[in-house]
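Below is a set of questions and answers on one protein model with its ligands. Please look at the sequence and structure before reading on.

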Amino acid sequence: MAMEGNGASVSDGASKTKIPHVLTVAGSDSGAGAGIQADIKACAARGVYCSTVITAVTAQNTVGVQGVNIVPEDFVAEQLKSVLSDMQVDVVKTGMLPSIGIVKILHESLREFPVRALVVDPVMVSTSGDVLAGPSILSSFREELLPMADIITPNIKEASALLGGMPLETVADMRSAAKALHAIGPRNVLVKGGDLPDSLDAIDIFFDGKDCHELRSSRIKTRNTHGTGCTLASCIAAELAKGSSMLSAVKVAKHYVETVLEYSKDIFIGNGRQGPFDHLLRLKNGIHNSHRQGTFNPSNLFLYAVTDSQMNKKWGRPMVDAIEAAIEGGATIVQLREKDAETREFLEMAKACVGICRSYGVPLLINDRVDVALACDADGVHVGQSDMPARIARTLLGPEKIIGVSCKTPEQAQQAWIDGADYIGCGGVYPTNTKANNPTLGLDGLKAVCLASKLPVVAIGGINASNAGSVMETGVSNLKGVAVVSALFDRESVLAETRNLHAILMEAASQVK
Ligand SMILES: Cc1ncc(COP(=O)(O)OP(=O)(O)O)c(N)n1
Ligand SMILES: Cc1nc(C(=O)O)sc1CCOP(=O)(O)O
Ligand SMILES: [Mg+2]
């Protein structure tokens, strides 16, 4: 159901500033990995105010749910009234709704106090397998809640239960389920495929009533996944509260969850099967980038094309043509590396390259020159150990831009994380003629750098079609791809070379997973 605004204005006067506001209606998790506690942390990490209506208090930890105490219905109603009548809520997000009466009360409250959007996470079973809302509630979800929702975010089990036990085993099944759920009434459906067997990626299906989008992110190997559903839904709500479109809110939320899982994959809390993750890890490291919109996706490092104008001149190709061919061939990110150009010439070239990369949705980074990156609004920079320190580049570029740092040692890799870099470029893996006097680290040196950091790593130096497979097959989880200069640009056909290298990398990645 499309809902009207609740009358809150961005600013009611010079001295009043409206902060985006999500109200979560959910259960408390004493272990603080999921539920209300996850929702508050996710909203805080996304820079959004979060108020709470508690529907149940659970005693739970990393082992499971030991007890559930449902809050009396009239007191849930009182909490809803307190917040909705006074506090300019933009978006309501629901989690554990443990009784038919509570669903009814929520329905009535939202009719009395409409908000901009309703995000429904139809929580039924905790990640430990404990039941949080029994089957008797399914019909009230279908009849009252789903038709009001702007988006619902069921996992496979929940989608199946909402559809009367429809089996969901493949991505095609998920597509059918998303469409069938949409027919019940929600304006958008996100079926989460995290539990899909035999899938290398985390695949979710988003259906807006017209188009079906397959959203993929890498599956992070970690025990710390308790609360991912609550966090994803809260992050969608937070982005909607900030004014994002639905698809963009879903993409940002998915990327946020992927990032926090990656950064938290080694933390250890509790002795059970499934641990919590840390929504605010980057803040604790002193990097105040809570407003980052999720511009950087580590999978962009897969096939990283680094340009060289001497090589392009030699083959008689304009830079933009070379970049376009690399992208057409499968390059997932481009770095403009201009060692000889005057600043003005570099800037003009950079502007043209930003145009071409943006038209393909491929990020463009500038080598060394933070000023040029700022002037042409590139997606970020790549800096080395003798260039501007990443910490200062981050201050100048702000939280949104991508920063890569060259690291040859574990110590440099640790510093890159502290400085707020997004990724590490590690080389020379093999001898190269492209960069003078570059030390060769070999695959062992590359592994040592990877293991020293949580940041994603791209390997560089002497990489070509004959050795790229071996690099990818080192099997270190944060090694996300290869960066290549001469094997793409010092060749007759950039398109053919990039296509070939892309195919080799895909093959190697499928061996590793
Ligand atoms: C992806 C990537 N990794 C490493 C480098 C090297 O950067 P740097 O050490 O600053 O050397 P120059 O490229 O500036 O000569 C890179 N450019 N890209
Ligand atoms: C720019 C650069 N940086 C390196 C590093 O080790 O940090 S090696 C390198 C040159 C890579 O070129 P090619 O793919 O032609 O070997
Ligand atoms: Mg440099």
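A residue is near a molecule or strand if one of its heavy atoms lies within 4 Å of it. This is a predicted model, in which local features need pLDDT of at least 70 and side-chain atom pairs count only at pLDDT 80 or more, while totals for chains, interfaces and linings use all residues. Residues are numbered from 1 along each chain as its sequence is written, chains are lettered from A and ligands numbered from 1 in the order in which they are written, and side-chain values use heavy atoms, with hydrogens and water left out.

Q: How many residues surround ligand 2, and which are the closest?
A: The shell of ligand 2 holds 14 residues. The closest of them are Thr 432, Thr 434, Asn 438, Gly 462 and Ser 486.

Q: What share of the area that ligand 2 exposes alone does the protein bury?
A: Polar contacts (pairs of N or O atoms within 3.5 Å; within protein, one must be able to donate a hydrogen and the other to accept it, and residues adjacent in sequence count only if both atoms are side-chain atoms) include one from a polar side-chain atom of Thr 434 to an oxygen atom of ligand 2, at 2.5 Å. An N or O atom in the side chain of Ser 486 lies 2.6 Å from an oxygen atom of ligand 2. Taken alone, ligand 2 exposes 420 Å² (Shrake-Rupley method, 1.4 Å probe; for residues, only the protein chains shown count as cover). The share buried by the protein is 94%.

Q: Which residue has a polar side-chain atom 2.8 Å from an oxygen atom of ligand 1?
A: Ligand 1 has 16 residues around it, and Arg 337, Lys 339, Asp 387, Ser 406 and Lys 435 come nearest. A polar side-chain atom of Gln 335 lies 2.9 Å from a nitrogen atom of ligand 1, and a side-chain N or O atom of Asn 367 is 3.0 Å from an oxygen atom of ligand 1. At 2.8 Å from an oxygen atom of ligand 1 is a polar side-chain atom of Asp 387.

Q: Which residues coordinate the magnesium ion?
A: Donors are N, O and S atoms within 2.8 Å of the metal (3.2 Å for Na, K and Ca); water is not among the atoms, so sites may look incomplete. Both donors to the magnesium ion (ligand 3) are OD atoms at 2.0 Å. They belong to Asp 368 and Asp 387.

Q: How many residues apart are Asp 368 and Asp 387?
A: Helices (H or I, at least four residues) and strands (E, at least two) are DSSP runs, numbered from the N terminus. Asp 368 sits in the loop between β12 (364–367) and α13 (370–376), and Asp 387 in the loop between β13 (380–383) and α14 (390–397). The pair links distant parts of the chain, and the separation is 19 residues.

Q: What is the relative accessibility of Asp 387?
A: Buried means under 20% relative accessible area, exposed over 50%, and partly exposed in between (1.4 Å probe, protein chains only). Asp 368 is partly exposed at 22%. Asp 387 is also partly exposed, with a value of 25%.
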